[in-house]
Amino acid sequence: MNNSSLFITFEGLDGCGKSLQASRLSEYLQKAGRETILLHEPGSTPLGEEISRLVKWHEAGHLSPITELFLFNASRAQLVQDTIKPALAGKKNVIVDRFTDSTLVYQGYGRGLDLEMIRQVNEIALQGCQPDVSILLDVPIEIAATRRKKTSDRFEAEDISFHRKIRSGYLELAENEPERWLVIDGTLDKGLITEIVTEQVIWLLESKEV
Ligand code: TMP
């Protein structure tokens with residue numbers, strides 16, 4: 001009986017390996033006959049892709065942290081409305097590579113905005129669609145840096161202290177809400193990480209089905 005579904009998010013530093021694991025999980029669930037959609041933030045709608053280009057690659061001058069907060073949430077609001085809400089209503093699994101926790105960590109811990117203010121703006125975009133489980137692939141910043149692409153966007157180009165704040169921000173969020181987070185050592189073998197993720201997700205799905 002495959003009648004339950006989950007809203008799953010993947011989080012971590014750029015280069016932590018989350019995109020690979022998100023797509024492997026999506027393939028696994030689809031092959032197992034469970035309807036699943038895989039999305040990425042910012043983006044995954046035509047408007048979101050335009051916002052993504054703007055916020056990641058904007059060169060003509062400075063974007064304020066509050067502008068970033070609203071741009072990421074504008075992309076999110078569209079994605080929730082067009083795709084996530086209908087998919088969850090149709091009992092599909094939804095996997096998103098980055099979601100609201102990225103905003104808390106990057107615009108909050110990284111840029112210094114107040115976490116409560118970010119939560120309030122995130123809530124508006126969410127329309128009640130909260131992730132059931134959030135998977136953090138935790139890697140030391142030095143390892144993440146070696147795994148990243150050669151060309152750096154506005155976030156990847158930040159200095160080491162920014163990335164250090166991102167990593168510790170994620171660990172703090174996970175520590176404060178252990179019932180939602182699954183923290184995995186992202187330096188483990190990729191195949192092993194896939195096994196840990198799929199085992200946990202199947203266990204969660206099956207426990208919703210009994
Ligand atoms: P990516 O498309 O390569 O994952 O890059 C997205 C970048 O945007 C990444 O460095 C993290 C950053 N980001 C934020 O700063 N806030 C957010 O809310 C989201 C979703 C991403």
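1. In the second largest pocket, helix α5 (residues 115–126) supplies the largest share of the lining, 4 residues, where a helix is a DSSP run of H or I with at least four residues, a strand is a run of E with at least two, and both are numbered from the N terminus. This is a predicted model, in which local features need pLDDT of at least 70 and side-chain atom pairs count only at pLDDT 80 or more, while totals for chains, interfaces and linings use all residues. Residues are numbered from 1 along each chain as its sequence is written, and side-chain values use heavy atoms, with hydrogens and water left out.

2. The second largest pocket holds about 270 Å³ of space, and among its 13 lining residues Asp101, Leu104, Arg119, Glu177 and Arg180 lie nearest its centre. Besides α5, helices α4 and α7 each supply at least two residues of this lining. By class, the lining divides into 4 nonpolar, 4 polar and 5 charged residues, with Ala, Val, Leu, Ile, Met, Phe, Trp, Tyr, Cys and Pro counted as nonpolar, Asp, Glu, Lys and Arg as charged, and the others, Gly among them, as polar.

3. Grid points are joined across faces, edges and corners, and a volume is the space filled by probe spheres set on the points.

4. The largest pocket contains about 500 Å³ of space and has a lining of 26 residues, of which Asp14, Lys18, His40, Arg98 and Glu156 lie nearest its centre. Helices α1 (18–31), α2 (46–57), α3 and α4 (100–110) each give at least two residues to this lining, and α4 provides the largest share, with 4 residues. The lining of the largest pocket is made up of 8 nonpolar, 7 polar and 11 charged residues.

5. How many cavities of 30 Å³ or more does the structure hold? There is 1 such cavity, and the volume of the largest cavity is about 30 Å³. Its lining consists of Gly12, Leu13, Leu136, Leu137, Asp138, Val139, Arg167 and Tyr170. The elements giving two or more residues to this lining are β4 (133–138) and α7 (160–176), and β4 gives the most, with 3 residues.

6. Glu68 belongs to helix α3 (residues 65–89), and Glu68 counts as buried because its relative accessibility is 0%, buried being under 20% relative accessible area, exposed over 50% and partly exposed in between (1.4 Å probe, protein chains only). Leaving aside neighbours within four places in sequence, Glu68 is in contact (heavy atoms within 4.5 Å) with Val55, Leu63, Gln107, Arg111, Arg154 and Phe155. The side chains of Glu68 and Gln107 also make a polar contact at 2.7 Å, a term for a pair of N or O atoms within 3.5 Å; within protein, one must be able to donate a hydrogen and the other to accept it, and residues adjacent in sequence count only if both atoms are side-chain atoms.

7. Leu39 lies in strand β2 (residues 36–40) and, at 8% relative accessibility, also counts as buried. Apart from neighbours within four places in sequence, the residues in contact with Leu39 include Ser44, Leu79, Thr83 and Val96.

Terms used. 1 Å grid on protein atoms, 1.4 Å probe; cavity = no way out; pocket = protein on both sides within 12 Å on 5 of 7 lines; lining within 4 Å.
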